Amino acid sequence: MSASQLLIPLHVQYIKSLGENKDDLVYHLTAHLRMNAVYWGLTALCAMGHKDALDRDEMIEYVMSCWDEEAGGFGAHPDHDPHLLPTLSAIQILTIHDSQDKLNIPKVTKFILSLQQPSGVFAGDQWGEIDTRFLYSAVNALSLIGQLHLLDVEKTVGYIKKCKNFDGGFGAVAGAESHAAQVWVCTAALAILDRLDVIDQDTLAWWLAERQLPNGGFNGRPQKLEDVCYSYWVLSSLSILRKLSWIDSEKLIPFVLSAQDTENGGIADRPGDLADVFHTVFGIVGLSLLGYPGLVDIDPVYCMPADLVASKGLRKDWEALPRRNS
Amino acid sequence: MFTTSLFPQSSPSKVNEYLSDDLSLTFGLLREHPKVYWIWNHRRWCLENIPDGPSEEDIDGWRNATWKKELFVVEKMLEADARNFHAWNYRRYILATMTSPPPPKSELAYTTRKIESNFSNFSAWHQRSKVLLTLWESGELDRAKSIEEDFELVRNAMYTDPDDQSVWIYHAWLIGEGNDVPRLQFEITSIQELLDEQPDSKWCMESLVRYKRLLVTKHAATVGNEAVRSLVDGCLELLEKLRAIDPPRRRRYEEIAEGIKSSR
């Protein structure tokens, strides 16, 4: 098959196959990311217009089997300790499947808020690793369940400000170098909190536009290699800043398509490497933001179907490229 | 396992020994897997659990020795991969939590060494920006004087590889809001000289547009009407060239040009 277009049926098949090979070693090695992987697979399917390719009830049952009643959070897999990353993924999955009624909202809210540190950043779990990714997870999750009013916004924004660097970008912790993925989590968190004024928008959009390399792909930091997932981090951030036109989508699209596995489906970090669900979803939602034909609109702030986010009254002022007909 | 079964039954010196052994063991793992979050986190956890000792007179002795060793470890890791952000984050963590850290000026010297061995090391430029901010704030360095010195460092880097964006992004930070007119004029002249030698240098043109615009938008009264006109024409000409040599980002150049025209 040719990689000159997005192989939607093949990718749908690939995602369906991921849950089926439970004897596979990789399945067990990735248990710590299972809930995230389910969310990535579901979001990719939503973007391709095949939300129902994975069984809804089975998925909800799986999500609820990872709920830790005592702690009030979700683990990445049954009997794993609860953590903010799988908790956000679980809330996103339940929201996409219109099943928030399964959630114990006061309890999960308490769990999320308990992880905020005096500095304003969030720890991922009780062990205390901090990262702006966790801060974003908390903000996104609280917003989806309608509990954002319980968050200390000034304190949260205060930490993001501390992560701002001389290039306009943001790092994983205060003092850390700017990185496209961390730029996205900080930009999206600020968008949810209606605090994009914190960003030096011209400088940041300039830095983001300079992530595109001559082969069309994007890197995550200056003088580094391209990787499909960075296209999403950069595109979603530019989309929130309404500057998607500052990069060349005509060069990026063929790069993402060339990283497809044309035999077994899925998208890899770059052409010739092994496909995985992480690069598959971020490749596809990146293409969606560029108006790639046949895809469903994805909200770059929440990384969820745009219609759904809008229906909850949560849409922010981002801008994607218009959907093309062919 | 350490906390629940081993530690409560062990003497402080035993605990220190366990943790030191563990740090040595995970150093081997780290060399093989330098980008695995949990290995780095585990090292932090070990450090935070080093007990007081070896004696009451020297309660920070074990800690000092271990922290120093960790600084050495992280330097080794940055020799192997100068851009590993885990290693840089860990380095900042070590320096921030040491009981007797080396003076900040020695960290500035470290970034100078890293930058001089490879001008493209954006991580080192980044670290430098953080260290300088600390030194300026504490008054250990005179801001104006140290900016002066950094312009020299950057100039060497620019001439070595004018295509390296690390250097130019840092240069833009040194210029900042552009309140210093003679500095802006000096840099414009100097970048123009480099552009004359390297007529297709995107980053020379990008920076010239940036600094000329600062003169126009912030210092029109100081430079005078005639100079403003010539700066504006210069910017538009450069933006036209940038559009041609850097087509992926042409919309950005067009938007800047439109902004300049509409405020003319």
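## Burial and fold of chain B

In this predicted model, 51% of the 264 residues of chain B count as buried. Read from the N terminus, its elements are α throughout.

The C-alpha trace spans about 80 × 40 × 30 Å along its principal axes.

## Where the two chains meet

Let's turn to the interface. On one side, 31 residues of chain B take part, in contact with 29 residues of chain A. Together the two chains bury about 2,800 Å², with 52% of that area on carbon and sulfur atoms.

The polar side of the story comes next. Between chain B and chain A there are 19 residue pairs in polar contact, with both residues at pLDDT 80 or more. The elements of chain B that each give two or more residues to the side touching chain A are α3 (37–48), α5 (85–97), α7 (122–138), α9 (165–175), α11 (202–223) and α13 (250–262). By type, the residues on that side of chain B divide into 12 charged, 11 nonpolar and eight polar.

Four salt bridges are counted between chain B and chain A. In one salt bridge, the side chain of K202(B) meets that of E210(A), at 2.7 Å from N to O.

## A closer look at R221(A)

R221(A) is worth a visit in your viewer. You will find R221(A) in the loop between α10 (201–209) and α11 (228–240) of chain A. Is this arginine, R221(A), buried or exposed? With a relative accessible area of 5%, R221(A) is buried, because that value falls under the 20% cut-off.

What does the side chain of R221(A) make a polar contact with in chain A? One partner is the side chain of E177(A), at 3.0 Å. Towards chain B, a polar atom of the R221(A) side chain lies 2.8 Å from the backbone oxygen of R83(B). Leaving aside residues up to four places away in sequence, R221(A) touches E177(A), S178(A), H179(A), W207(A) and R211(A), along with R83(B), F85(B) and S123(B).

Terms used
Residues numbered from 1 in each chain as written. Chains lettered and ligands numbered in written order. Predicted model: local features only at pLDDT ≥ 70, side-chain atom pairs only at ≥ 80, totals over all residues. Heavy atoms only, no water. Contact = heavy atoms within 4.5 Å. Buried area = accessible area lost by both parts, 1.4 Å probe. Polar contact = N/O pair within 3.5 Å; in protein donor to acceptor, adjacent residues only side chain to side chain. Helix = DSSP H or I, 4+ residues; strand = E, 2+ residues; numbered from the N terminus. Nonpolar A, V, L, I, M, F, W, Y, C, P; charged D, E, K, R; others polar. Buried < 20%, exposed > 50% of the residue type's maximum accessible area, 1.4 Å probe, protein only.
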